[in-house]
Amino acid sequence: MARAFNFSAGPAMLPEAVMRKAESEFLDWQGTGMSVMEMSHRSKEYMSVAHKMEADLREVMVIPDNYKVLFIHGGASMQFAAIPMNLAQQNDTVDYLNTGVWSTKAIKEASRFATVNVIAGGQEANPTEVPSIEDWNFSKDAKYIHICSNETITGLELQDEHFDAVFAQGKPVIADMSSNIMCREIDVSKYAMIYAGAQKNIGPAGLAIVIVRQDLLGNARSDTPTLLNWDTYAENESMFNTPATYAWYLAGLVFDWIKNTGGVKAISKINESKASKLYDFIDASDFYSNSIKVSERSWMNVTFNLKNTELDADFLEQSKSAGLLSLKGHKAFGGMRASIYNAMPEEGIDALIDFMKKFALENA
Ligand code: PMP
C-alpha cells in the first residue's frame, strides 16, 4: 500500500525517510541484535542515541550553550502547570497573551499556581486575528510573559511585530511552539523557555521538548512534584526515571533528516512555498474560504471552509478515498484543516489542490 498524504494536526505525518530508517533498524539496531525499544536507557548504546539526538537538535535550532534541553513525558499540556511552578510563587503575577484555545488552556492551568494577567484576548474562543498590539496590557511586575506562537486549531500564527512587542518588555518570554517549532529559523537566545509537544514537527507522541535558559532553573516552588520540576531533568540528563526511549530515538531521526534536508533554513523556504500555494488557491476560489487575517495565517495549519457546508461530509469521504487523510477541522472551529508540517512534501499540497479543484468543479 502506498503512503497517503496525512494532514492530521498531530500525531502527524513523519518523513518517509525517517520511517524507512526506523524500519531498517527495527529488529537490530546497528548490529546489537536488539531494537532501540528493547535497550536499557542506561546502556552505552542507548546513551549514544540520546546524545546524538540532543546534539542534532542543538545544531538545527542553534541552541546556545547556556540553555538546557530537557526531554519530558506528559506532552505540552503538562508544561502548562510546570511553567508557573518552576518560575513563580502563588502570589506572583504572570502575563499571558490569549490567541485561542491553546493559550486559554495554558492560562487556566497557570491560574491555579499564580495570578494571571491576560495581556489581551480571550473574548472569543477562536479568534481569527491576534489582538491588536495597541490593546495589549502588560503588568509591571510579571515574572514572565507567555505566548502561543501558533494556535493549531484555527491556524493563527504570531508575526514578527508580536514577538518584537513581547521582547521589548525585557521580561523572560515563554513560548508554546508545539505546532510550529523548527518550521522557520528563530533566535533561541531571545527566549527564556521554549516548549513543544513532539507529535507535530518533532516525532511521535509521548515526549515534549523544553529548552530553558540555565539561570531560570533552581527556582521551583517548594511543593513542585519531582517530575514537574525542571531541575530533575536538568540534573539527570532527562533520565531521572525511564524516558520515552523510542520516541527520543525517532525524534533523533527527524533531526537528522532536517540536517540532511538543508536545515531549518531550507525547510522554512519549502514551508513558505507550501503554505502560500494553498492559501493562494483558496483565496482565488469562490468555493472555499479561509477566515484568518491574511498577515497572521499559519504556515503549519491551513483552515478552510466550503461555502456550502452541506458538502462537508462528501468532501471528507472523497478526499479520504483519494489518499488525503484527516482533513476534518477541529470540532471547536469546524470546517476543514490541512496541517502541513515539515514532513508534508510539496506533492501533498499539489495533490490536495488538485482534489479541491476537481471537487469544486463537480459540485459547483
Ligand atoms: N499547545 C499547542 C499549540 C498544541 O497544538 C497542543 C496539541 N495539539 C498542545 C499545546 C498540547 O499538546 P499535548 O497534547 O502534547 O499536551
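Select strand 14. Both of its faces are covered. Met-336 and Ala-338 lie on one side, Arg-337 and Ser-339 on the other, and all are buried. Keep in mind that this is a predicted model.

**Stop 1**

Next, select strand 12 (residues 301–306). Strand 12 pairs with strand 14 in the antiparallel sense, over 4 bridges. Pick out two of the residue pairs. Which residue in strand 14 is the bridge partner of Phe-304? It is Met-336. For Thr-303, the bridge partner in strand 14 is Arg-337.

**Stop 2**

Zoom out. Colour residues 17–260 as domain 1 and residues 262–363 as domain 2. The centres of the two domains, taken over C-alpha atoms, are 27 Å apart. Their contact takes 25 residues from domain 1 and 24 residues from domain 2.

Look at the side of domain 1 that touches domain 2. Strand 7 (156–157) and helix 7 are the elements that give two or more residues to this side. By class, this side of domain 1 has 9 nonpolar, 10 polar and 6 charged residues.

**Stop 1: the core**

The largest nonpolar core has 105 residues. Select Ala-110, Ile-209, Val-210, Ala-251 and Val-254, which touch the most other members. Then show helix 7 (residues 245–260), which gives the most to this core, with 10 residues. Where does the core lie relative to domain 1 and domain 2? Both domains give residues to the core, so it lies between them.

**Stop 4**

Centre on Ala-251. Skip the residues up to four places away in sequence, and Ala-251 touches Met-53, Ala-198, Ile-202, Gly-203 and Leu-207.

Move to Gly-252, also found in helix 7. Is Gly-252 buried or exposed? It counts as buried, because it has 22 C-beta neighbours inside 10 Å, and 20 or more is the cut-off for buried. Leaving aside its neighbours within four places in sequence, Gly-252 is in contact with Val-49, Lys-52, Met-53 and Asp-56. Notice Met-53: Ala-251 touches it, and Gly-252 is in contact with it.

Draw a line from Gly-252 to Thr-152. The two are 100 residues apart in sequence and 24 Å apart in space, C-alpha to C-alpha.

**Stop 2: an exposed glycine**

Jump to Gly-31, in the loop between helix 1 (16–24) and helix 2 (44–61). Gly-31 counts as exposed because it has 5 C-beta neighbours inside 10 Å; the cut-off for exposed is 12 or fewer.

**Stop 3: the ligand**

Finish at the ligand. Select the residues around it: Gly-10, Gly-75, Ala-76, Ser-77, Trp-102, Cys-148, Thr-152, Asp-176, Ser-178, Ser-179, Gly-197 and Ala-208. Thr-152, the end of your line from Gly-252, is one of them. Which helix gives the largest share of this shell? Helix 3 (residues 75–87) does, with 3 residues. Now colour the shell by class: 4 residues are nonpolar, 7 polar and 1 charged.

Methods:
Residues numbered from 1 in each chain as written. Predicted model: local features only at pLDDT ≥ 70, side-chain atom pairs only at ≥ 80, totals over all residues. Near = placed C-beta within 6 Å. Nonpolar A, V, L, I, M, F, W, Y, C, P; charged D, E, K, R; others polar. Core = buried A, V, L, I, M, F, W, Y, C linked by C-beta atoms within 7 Å. Domains from an automatic or database assignment. Contact = placed C-beta atoms within 7 Å. Pairing = 2+ DSSP bridges.
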